[in-house]
Amino acid sequence: MDSNKLDLIKKYVNTKYGDLTGVIQLDGHSNINAIYELCEDYKVDVTNKYIVGFGLGETTTQGIGIKNDVYCSIYYVDKSEYGYKFDEIEKKIKNDGTLRLKKENLKVKYSTLGKYIKRYEFIVLSELVNSTNEIKIEGEEDKL
């Protein structure tokens, strides 16, 4: 996803103060089908939903994991409006120029996330990044 497309998403991602901002990537055990499985397990009807995205959020001021739950957001288009197959949906989005997503939230136990998410990585940086046009990170080759 190019940086212009990421800018479209940024306005929907926020915390109370936004001390650090960044990017995340996630691998499901069975690509995006893992999100459909999560919905099924948590009794979210996806019959007429084509899932386009997924989000995680924690709002406690006491620290991550205190409540043992995380809020997950499912971002989708209505199949009856957009189509039932990827190619149909993509064509409609390109013709319209706007992607109108719907969002559904559910509360998921932290202990079950590993069933759906295989890997994730995120990087967040301070607003100092706004002062440059290029970032080079030494040690990046030493990934775990």
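Tutor: The place of a charge is taken as NZ of Lys, CZ of Arg, CG of Asp or CD of Glu. This is a predicted model, in which local features need pLDDT of at least 70 and side-chain atom pairs count only at pLDDT 80 or more, whereas totals for chains, interfaces and linings use all residues. Residues are numbered from 1 along each chain as its sequence is written, and side-chain values use heavy atoms, with hydrogens and water left out.

Student: How many positive and negative side chains are there, and how far apart are the centres of the two sets?

Tutor: The protein chain carries 22 positive and 24 negative side chains, and the centres of these two sets are 6 Å apart.

Student: OK, and what does the secondary structure come to?

Tutor: There are four helices and five strands in the protein chain, taken as DSSP runs numbered from the N terminus (helices are H or I with at least four residues, strands are E with at least two). Along the sequence they follow the pattern α-β-α-β-β-α-α-β-β.

Student: Which strands form the open sheet, and in what order?

Tutor: Three strands form it, in the order β2-β3-β4 with antiparallel pairing, where two strands pair if DSSP finds at least two bridges between them. The edge strands, each pairing on one side only, are β2 (49-57) and β4 (102-109). From one strand to the next the twist averages 25°, with axes being lines fitted to C-alpha atoms (for helices over the stretch in contact) and angles running from 0 to 180 degrees between N-to-C directions.

Student: Which helix packs on that sheet?

Tutor: Helix α2 (residues 33-41) does, touching β2, β3 and β4, and its direction makes about 80° with that of β2; contact here means heavy atoms within 4.5 Å.

Student: And which residues of α2 are buried?

Tutor: They are A34, I35, Y36, L38 and C39, where buried means under 20% relative accessible area, exposed over 50% and partly exposed in between (1.4 Å probe, protein chains only). These buried residues pack against β1 (21-32) as well as β2, β3 and β4. Just after α2, K43 takes a positive phi of about 60°.

Student: Back to the strands: how many bridges do β2 and β3 share?

Tutor: β2 and β3 (residues 69-78) pair over eight bridges in the antiparallel sense, and G53 stands opposite Y75 in β3.

Notes
Lys, Arg positive; Asp, Glu negative; His and termini not counted.
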